[in-house]
Every structure is written in C-alpha cells, then in structure tokens.
Amino acid sequence: MTNADANTDANPAPGGHGAEAARTAVGFRPPGGAAAAPLPVAAGPGWTPGAAVERLAGERATGALRGPAGTVYLVDGLVAHAESDRAPDLATLLTACGRLTRETWQEAVHRFGPHARVGEALVEQGRLTRGELELCHLGALYDAACFLFEAFDGTGNALATQPGWTFAPGARHWLGPVVAVGAHRLRREAERRQHLLDRIWPSAQLDTAPLCRSAGPPAAAGHGPGRHARRLRPPTRRQCDLLDHADGRRTPAELARLLGRSAFATTADVRRLAAAGLLAGSGDGSGAVPGTGSDPRCASGPPGTGRVPAPRAPGGLHRRVPGAALAALTGGRRGSDPTAVPTTATDPDIALLIRVRTLLEARL
Amino acid sequence: MPGIDECLSRAMAIAGARAAGLIDWSSGLALGSVGASPTGDHDTTAAEATDLVRAAVDAATFTAAEDRAVPLQDIILTADSSYHLLCFIDTVFDSRLVLHLWLDRAEGNLAVARFRLQSIAEELVLG
C-alpha cells in the first residue's frame, strides 16, 4: 500500500490529505519530501481558485495550492501539475489502458518519487516515450484544472469562502518537471470547457450523481429530418461503453477512472446521453450527492443564467408530471428537497420537448 | 526521442508548411502551435478544426464500416491556395488528438506532406 500515510510531512493540510487518500486507492503515492508549512489562503468575496493561481503565478511562486478536492502545483509561476478528485490522474490513465502495469508505476514512484523525477525516469528507462508522457500529463493537467476551478467559479460564490485552501511554499510534485502551463491559459481553458459542457446540456446535476441507463428516447424522436436527425443519432462506441458501465452506483468521475478516460470527455458524453434521454441519475442519491449543494450550479439555478433561461413549464405539463421533471433536468430546483425530485422524464412528451429545447438552444 | 515541441518543429520543416498545431479535439484545445494562423489566433484555429474533426468522427457514414476504435487516419481539406491536413494520433492511453498542418499548395507536395505528417505523429507516440 501507499507510503503516504507514513510520510505526511509534505501533506499536512487536512483537505489536501483527504483528496490524496481518495485518489490513491491503489497506492501510487511516494514518500513525501520536506516542504515548508502550508499557509492558509484568505478567501474573500469573489475569490476563486483560478484567480488565486493567477495571483501566485504573477508572483512567480513555487509551491502547492491545496483545496478540499485537489491540488495545483506551481513552479516559478507556471502550473506544473494539477490533480482533482474528479479527474483521473496520470497513473490511472496509463494503467487503466494497460500502457504501464501498476507494478512498474509503483516501482518508479518509490524509487524516483523522493527525487521528484518519476516522469523523467520512466522515459529514461524506456517505459514511456517523451511524447506519451507529455501528452498524457498535459491531458491530466487540463482535465483536473477544469474541475478544480469549476467548483468555485461562476455562481459558486457561496462555496468560495469555504475553508481548507492552503498554500505550501516550495512544495513540488513527485512526478517532476514535464510540461508546464501558464496560469491564465489554464484558467481560461477551464472556463471554456465549462461553457462547452453547458452548451451540450445546461445542467450539472448528473456530473456528480450515480448514473443508470434510462428508458431511452420515444420512438418518434429518431425520425426527425435534417439537422434534428443529427442530434438524435444513436450513441457512439464510446458512449455505449459508458452506458454499459452505468450500473446505478458509479458517478461520472468513477466511470472516467474505470475506463481510463478524461473526466471532461466523460462528463461531456454523460451530458449528451442525458440530453438524448439515455442516461439518468439513479434516483435516491445514496452514493455521491446528486444536486445536494456540492455543485453550486445545482443549488442556485441553471448555469450561465444569462444565456440559458430557467424553463417555465406550462401548467398542463405540471399537471401531467407532478414531479416537475423538467425543472429537475435543467437544474432549476431552487430550494426544493433534493430527494423529492425525480431525475428522469417518464413522460415521452416531456422528454421530447426537453430535447427539442436543448437542440434549439445549441443552435442559437 | 521527440516531445511535442520537437514534433511541431519537424512538421514546420515540411516543404510548404505555413503552420502546425497539436489539437485536443475532445475539447478544442491547442496543446501547441507554431507558424502563422489563418485567423490570427491559434486557439480559434484549434476550436474550428475541432468542429471539422468532430463532424467527421461522429458521422456513421465515415466510421461505421471501420473496425478500429480510431477509425479515421486523417482528414484532408483542399482550399484554393492551401491544404489543411489533420492527422489523427493513436495513443495506447485514451486521448483524442490530431496534428494539424497548414500547407501551401504552390510550395508543398500533398502526398509527401501527408506521409511525413503521419510519421511525425507516430514518432511523437512511439519515440
């Protein structure tokens, strides 16, 4: 198992340590190195992790900014590494597909982790090519940043003051230098990805919910001509993989880890499948917390409020679907009891209307 | 063993190359770019090239008859004065990447450039 628990001197922040524990179920963590004591980060109104990283970058800082759900590592003002609970890390991406065995990875981490040169050593030993390391590392970095920055951006003001963000000056990641990214570019890309997700399906409700297949679209939905037919085509091979593994317990993050895929691509596919009526939350939210406030955009209305108006269901629809599934699917459930809201649209008319509206919005 | 920057330099060394870029088409992100951009902004180029790639990848017409998980090898777009080559990069780990080459028609040779770009894409992964 991991040595992290026995060597926590580099990771004393409770939040950061919790995040690591969740991420290292297979023991990829090396012994920690010496680092300065972490300083709490003041989180005033309007504070976001993205802004904090940019400020540290402006000071050409080196160290680790740890939050409740992940960590950003800076080296000389550039982001060298990022990890999030919701995104698979480099180890998962490389081992889930069989590119490296877990033993190979663990050995490299234990031998070279203390010297912070795991990546370089894997390339020198011929286990990975430099291109593979750079591509996979960059993919994991942007993927993690997308979710690290997201949880507190936009409408997440309430969570922005959440305690637990610390900065440990001088702390470096054990992977060592691979490719670094500018903080501003990273933040802009994270925001862009969130907008892309919202364009696919303007609700984050399923992003953290256990998923299961749903009944599927009504028969009539597949026969629209022209543009409409394009949006309602059958799921791709990758989407079928997701459907096959959506067992009512796994969240998108768990599916991404299981399949060794980026969390962003998985979330995008989940939202596409939800828009097509093929995937839904598994209902009672017994696993992760579907829309219980962990995601700011579920708690405070639909994301991008200016762009995607909250749906106003006509009275007739309300009568036919007492659970107000329309509001549930678009995240517009202000102050309602989360467990009382069904996460599937059982009435085929409603499902069709939702898809038509999503389609129209996507074309605007 | 080339990294991303080295591969982009090699792509720019292809005769007639105006620009080269590495694009993550799952998100539309430019992971690296060199040379001129048709729009003046490499990020726009990456986003718009992604739209083209997605349109091809998502269309059953182009992929249904193929067996591989990554059914497409490249996309070639012929314009009046230039070509755009989008070469898919095949990695063992999950990724959605293309190498984009903007090629001058008068100075470049399409067949040679396509062949060269494919070997650069392979070198990036295989070393």
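Which residues does B:Glu123 touch, not counting residues up to four places away in sequence? B:Glu123 touches B:Pro2 and B:Cys7, a contact being two residues whose C-beta atoms, placed from the backbone, lie within 7 Å. The model is predicted; local features need pLDDT of at least 70, side-chain atom pairs count only at pLDDT 80 or more, and totals for chains, interfaces and linings use all residues. Residues are numbered from 1 along each chain as its sequence is written, while chains are lettered from A and ligands numbered from 1 in the order in which they are written.

B:Glu123 lies in helix H4 of chain B. Helices (H or I, at least four residues) and strands (E, at least two) are DSSP runs, numbered from the N terminus. B:Glu123 is partly exposed, because 16 other C-beta atoms lie within 10 Å. Under this scheme 20 or more such atoms within 10 Å make a residue buried, 12 or fewer make it exposed, and counts in between make it partly exposed; C-beta atoms are placed from the backbone. B:Met1 is 122 residues from B:Glu123 in sequence, yet their C-alpha atoms are 7.9 Å apart in space.

Chain B holds an open sheet of five antiparallel strands in the order E2-E1-E5-E4-E3. Two strands pair if DSSP finds at least two bridges between them. Strands E2 (29-35) and E3 (74-78) of chain B stand at the edges with a single partner strand each, so one side of each lacks a neighbour in the sheet. Neighbouring strands are turned by 15° against each other on average, direction ignored. Axes are lines fitted to C-alpha atoms, for helices over the stretch in contact, and angles run from 0 to 180 degrees between N-to-C directions. Six bridges join E1 (residues 17-24) of chain B to the antiparallel E2(B). B:Ala19 stands opposite B:Gly35 in E2(B).

Two helices of chain B meet these strands. Helix H1 (residues 4-12) of chain B packs on the sheet, touching E1, E2 and E5 (97-104) of chain B, at about 45° to E2(B). Helix H4 (residues 110-126) of chain B lies across E3, E4 (82-89) and E5 of chain B, at about 30° to E4(B).

The contact between the chains takes 23 residues from chain B and 24 residues from chain A. H1, E2 and H4 of chain B each supply at least two residues of the chain B side. H4(B) gives the most, with three residues.
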